[in-house]
Amino acid sequence: MSDVLRQHAEKQFAHELAALKNFDDRPKPPSWQLSPSAVITYLMGGQLPDGTEISAKYVGSRRLMEIAVSTLATDRALLLYGVPGTAKSWVSEHLAAAISGDSTLLIQGTAGTSEEAIRYGWNYARLLSEGPSRAALVDSPMMRAMQDGKLCRIEELTRIPSDVQDTLITVLSEKTLPVPELNTEIQAVKGFNVIATANNRDKGVNELSSALKRRFNTVILPVPDSSEEEIQIVQKRVTDLGRALEIPSEPPALEEIRRIVTIFRELRNGVTEDGKTKLKSPSGTLSTAEAISVVSQGLSLAAHFGDAVLRPHDVAAGLVGAIVKDPVQDRVVWHEYLETVVKERSGWKDVYRACKEVS
Ligand SMILES: Nc1ncnc2c1ncn2[C@@H]1O[C@H](COP(=O)(O)OP(=O)(O)OP(=O)(O)O)[C@@H](O)[C@H]1O
Ligand SMILES: [Mg+2]
């Protein structure tokens, strides 16, 4: 096992990718490592003719993933859009790994992202000593993706200031990156495309200009439909994470995950699962990603300070931390939920007591 804390998808799932390639007899778009249909198998999971298991990376609608993959085979870029924690970054990484065999060509969008980060920069020592030359140019991930016919990922596109976002227009429509200083251009090789992610919930995001919007196909990733689906996601990710971090605990009981997911869903939706009681929602997003963190943290507590079995006592602190983001308003919402729903639910006495202790 490698010492790297988090492997890139193409490394971690190298055996699955190699096996998929082996059995892939469908046509591949230029420069693609796999056919679109094999990419879908990689994302959604399945079994190959020789029995190799392909693990599911994305849990949810296959059709959405088909739309995302087929978009990348056209000349339009892909925008994965949605509320926080709906696997936008996760899907983007796996798409790049499966299609280009490389998920590392990544531009992180921030309020400080400059045009150079998207286009190219200069090695100033070289620029001063030799003047502008190709060798003095510092390639951006975008430029490398264009040269190699790979996918470039842009994380949090809408955090990038609008005028800098517009740098992408030429790249996306003309498929070229002009370098006026050298009186030349970098033309994209077949296989190049862009996957961007953006969320519509966080503060401090910029509008996407309509000129740019037109150049993207938007796929909205939804929060999991059913609680069964959400439980499956949490269980799978927690087990994977626990293994990667070598946390010495038992895999969490489904029942414990079910209760945490139920609490998250009820508060998020503002109504109990049976539809009978209306609830107030706290200010946080209570995403699936946060449910995964609450369970992982609980497992670590159980492993190192308990008997290695996840119990309500281990998750209570994480749970309250995820729900109470605003110390005044959220606390009121949480207490109301605790007293009216958790306390009265049969079989939930232990959850009630554990949460009461830390609230
Ligand atoms: N439908 C899903 N299928 C598989 N994993 C999921 C799903 N939804 C959430 N996850 C898990 O949630 C975690 C967080 O996802 P990710 O970081 O990609 O979210 P995001 O949409 O990029 O959020 P943000 O807007 O905060 O950047 C990942 O570990 C991912 O595995
Ligand atoms: Mg993200």
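Biologist: Why is S31 called partly exposed in this predicted model?

Modeller: A residue is buried at 20 or more other C-beta atoms within 10 Å and exposed at 12 or fewer. S31 has 17 C-beta neighbours inside 10 Å, which lies between those limits, so S31 counts as partly exposed. S31 is found in the loop between helix 2 (14–23) and helix 3 (36–44).

Biologist: What makes the phi of S31 worth noting?

Modeller: Most residues other than glycine have a negative phi. S31 is not a glycine, yet has a positive phi of about 70 degrees.

Biologist: How do you know whether E246 is buried or exposed?

Modeller: There are 8 other C-beta atoms within 10 Å of E246. The limit for an exposed residue is 12 or fewer, so E246 is exposed.

Biologist: How do you know what span helix 12 should have, and what is the distance between its end C-alpha atoms?

Modeller: The expected span is 1.5 Å times one less than the number of residues. For the 18 residues of helix 12 this gives 26 Å, and the end C-alpha atoms are 26 Å apart, so the two values agree.

Biologist: Which residues of helix 12 are called buried, and what covers them?

Modeller: E230, I231, I233, V234, Q235, R237, V238 and G242 are buried, a term that requires 20 or more other C-beta atoms within 10 Å. The cover over the buried residues of helix 12 includes helix 13 and helix 14.

Biologist: What makes K278 an exposed residue, and where is its place?

Modeller: K278 has 8 other C-beta atoms within 10 Å; the limit is 12 or fewer, and K278 is therefore exposed. Its place is in the loop between helix 13 and helix 14. Leaving aside neighbours within four places in sequence, K278 is in contact with G270 and V271. K278 and I54 are 224 residues apart in sequence, and their C-alpha atoms are 41 Å apart in space.

Biologist: How is the chain divided into domains, and how many residues are in contact across them?

Modeller: Domain 1 covers 9–220 and domain 2 covers 227–358. Their C-alpha centres lie 34 Å apart. Seven residues of domain 1 are in contact with eight residues of domain 2, where contact requires C-beta atoms within 7 Å. By class, the side of domain 1 that touches domain 2 has three nonpolar, three polar and one charged residues.

Biologist: From which domains does the shell around ligand 1 draw its residues?

Modeller: The shell around ligand 1 draws at least three residues from each of domain 1 and domain 2. Of its 18 residues, P84, K88, S89, W90 and A289 come nearest. Helix 5 (88–100), strand 10 (193–199), helix 12 (227–244) and helix 14 (288–305) each supply at least two residues of this shell. By class, the shell has nine nonpolar, seven polar and two charged residues.

Biologist: Which residues does UniProt list for "domain: ATPase dynein-related AAA"?

Modeller: The unreviewed UniProt entry lists residues 78–216 under that name. Over residues 78–216 the chain is 34% helix and 25% strand, with the end C-alpha atoms 5 Å apart.

Key. Residues numbered from 1 in each chain as written. Chains lettered and ligands numbered in written order. Predicted model: local features only at pLDDT ≥ 70, side-chain atom pairs only at ≥ 80, totals over all residues. Domains from an automatic or database assignment. Contact = placed C-beta atoms within 7 Å. Nonpolar A, V, L, I, M, F, W, Y, C, P; charged D, E, K, R; others polar. Near = placed C-beta within 6 Å. Helix = DSSP H or I, 4+ residues; strand = E, 2+ residues; numbered from the N terminus. UniProt positions renumbered as here; feature names shortened; annotations may be inferred.
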